[in-house]
Amino acid sequence: MDTDYAIIGGGVVGLSVAWGLLSRGRTVTVLDGDDGSFRASRGNFGLVWVQSKGMNQPRYARWSQRSAAIWAGFAEELAANTGQPVPLEQKGGYDLHFSEETLQATVEKYETLKAQLDGDYPFEVLGHNALRIEEPHIGPKVVGAILHHQDGHANPLKLLQALAADVRRMGGRVLTGKTVTAVTKPDAFRITCADGTILGAGRVILSAGLGAAQLGPSMGFKAPVRPQRGQVLITEKLPKLINRPSLIARQVDEGGIQIGATNEEVGHDDRVTQPGLSGLAAEAIAAYPALARAQLVRSWGALRVLSPDGLPIYQESTEMPGAFLVTCHSGITLAAAHARLLPDWLEGTEAAPDLEVFSEARFAVS
Ligand SMILES: Cc1cc2nc3c(=O)[nH]c(=O)nc-3n(C[C@H](O)[C@H](O)[C@H](O)COP(=O)(O)OP(=O)(O)OC[C@H]3O[C@@H](n4cnc5c(N)ncnc54)[C@H](O)[C@@H]3O)c2cc1C
């Protein structure tokens, strides 16, 4: 056998899990696809976000909270190990509202979730004037915001770089240009790549993002993941304009304002469109009018990896015990949980988190 674990997919999910397993002394080989692959990990919005997660499943809210709570320690360890800082700010985040009705309706939902979480859901409602004290550049059309104190944001590309560097430092092999075409289990796992590479492994993690939809069924998974496009814009570097991030805009550690993202069901088309970008810009200017004068420097489209209910999927294959499907909608937020907590579940230790609600049983035809 070549490796304890073969990890199919070297995005933020696969690398976070690889990091966690290597920290526990396992040998790990990450097989990542070719340059034409869809890579959500390189096109996302960088929020480490709790609010609005798990409105219909409090366990998902809890899981996001657990990850957010251990994110800073995780980022610090990565930085100490690699000398590459992973910028992170966790001083709360906003859900901005342009109407009293939507603000009120959202607050009611948050109150319900807060009760389900035994009160551990620290948010406050800021009217326009209170918000303006926190965010002097907020526009008059914003009637108010929900400030959730567990929210924050990170630099997702630096996270990815630091993860890859630390995985290698710990002896993990990260092989690129290795599109896996078949996984069989005569005895140990046998993994075949398009270029003819064959790898033997004791266990396999399928964390191939959208690629899981093709490979998953042959490994006994349903893997019902679909793409959803998000278009994103970024401005030139600006002096401090935005204090805390929101789903509309955030000021990144390097100074640019990132604006996004659309939610579009357009299959595997990851291009940007003029209406998509104009809509984003208009909303951001309504929130922060000073942005009307900002120069845009870049735009891109990327595909989210969504399950039917938007929750993560954590499933061991019944057909191929020792093969696990790991996929989620918010891989940046959950990076710390995947690195520090998920390995207990994979290894079946006493500390394993209860992830039953995230199994594929919920997709069973009734
Ligand atoms: C616009 C946008 C905004 C987002 N904003 C946020 C946010 O603010 N906060 C947050 O937490 N999350 C956010 N996300 C989601 C986050 O980016 C994803 O959850 C995360 O990147 C998923 O990582 P992944 O490793 O599962 O997938 P990917 O990054 O897509 O990586 C999958 C990898 O698998 C490889 N692969 C595929 N098939 C095969 C195969 N057969 N063999 C070998 N390798 C294979 C590919 O080459 C690829 O590198 C956003 C996503 C988008 C698109």
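Trainee: What separates the centres of domain 1 and domain 2, and how is that taken?

Mentor: The separation is 36 Å, taken over C-alpha atoms. This is a predicted model, where local features need pLDDT of at least 70, side-chain atom pairs count only at pLDDT 80 or more, and totals for chains, interfaces and linings use all residues. Residues are numbered from 1 along each chain as its sequence is written, and side-chain values use heavy atoms, with hydrogens and water left out.

Trainee: What makes up domain 1 and domain 2?

Mentor: Domain 1 covers 3-48 + 157-224 + 309-363, and domain 2 covers 93-149. Domain 3 is 226-306. These bounds come from an automatic or database domain assignment.

Trainee: Which residues come nearest the ligand?

Mentor: D32, S41, V180, G331 and T333, out of 34 residues around the ligand. A residue is near a molecule if one of its heavy atoms lies within 4 Å of it.

Trainee: Which domains does the shell around the ligand draw on?

Mentor: Domain 1 and domain 3 each give at least three residues.

Trainee: How much of the ligand does the protein bury?

Mentor: Alone, the ligand exposes 1,000 Å², and the protein buries 94% of that. Areas come from the Shrake-Rupley method with a 1.4 Å probe; for residues, only the protein chains shown count as cover.

Trainee: Why is helix 1 called largely enclosed?

Mentor: Eleven of its twelve residues are buried, so the rest of the structure largely encloses helix 1. Buried means under 20% relative accessible area, exposed over 50%, partly exposed in between (1.4 Å probe, protein chains only). Among the buried residues are V12, W19 and L22.

Trainee: Why is G127 called partly exposed?

Mentor: Its relative accessible area is 36%, so G127 falls between the 20% and 50% limits. G127 is found in strand 6 (residues 123-127). Strands are DSSP runs (E, at least two residues), and helices are too (H or I, at least four), numbered from the N terminus.
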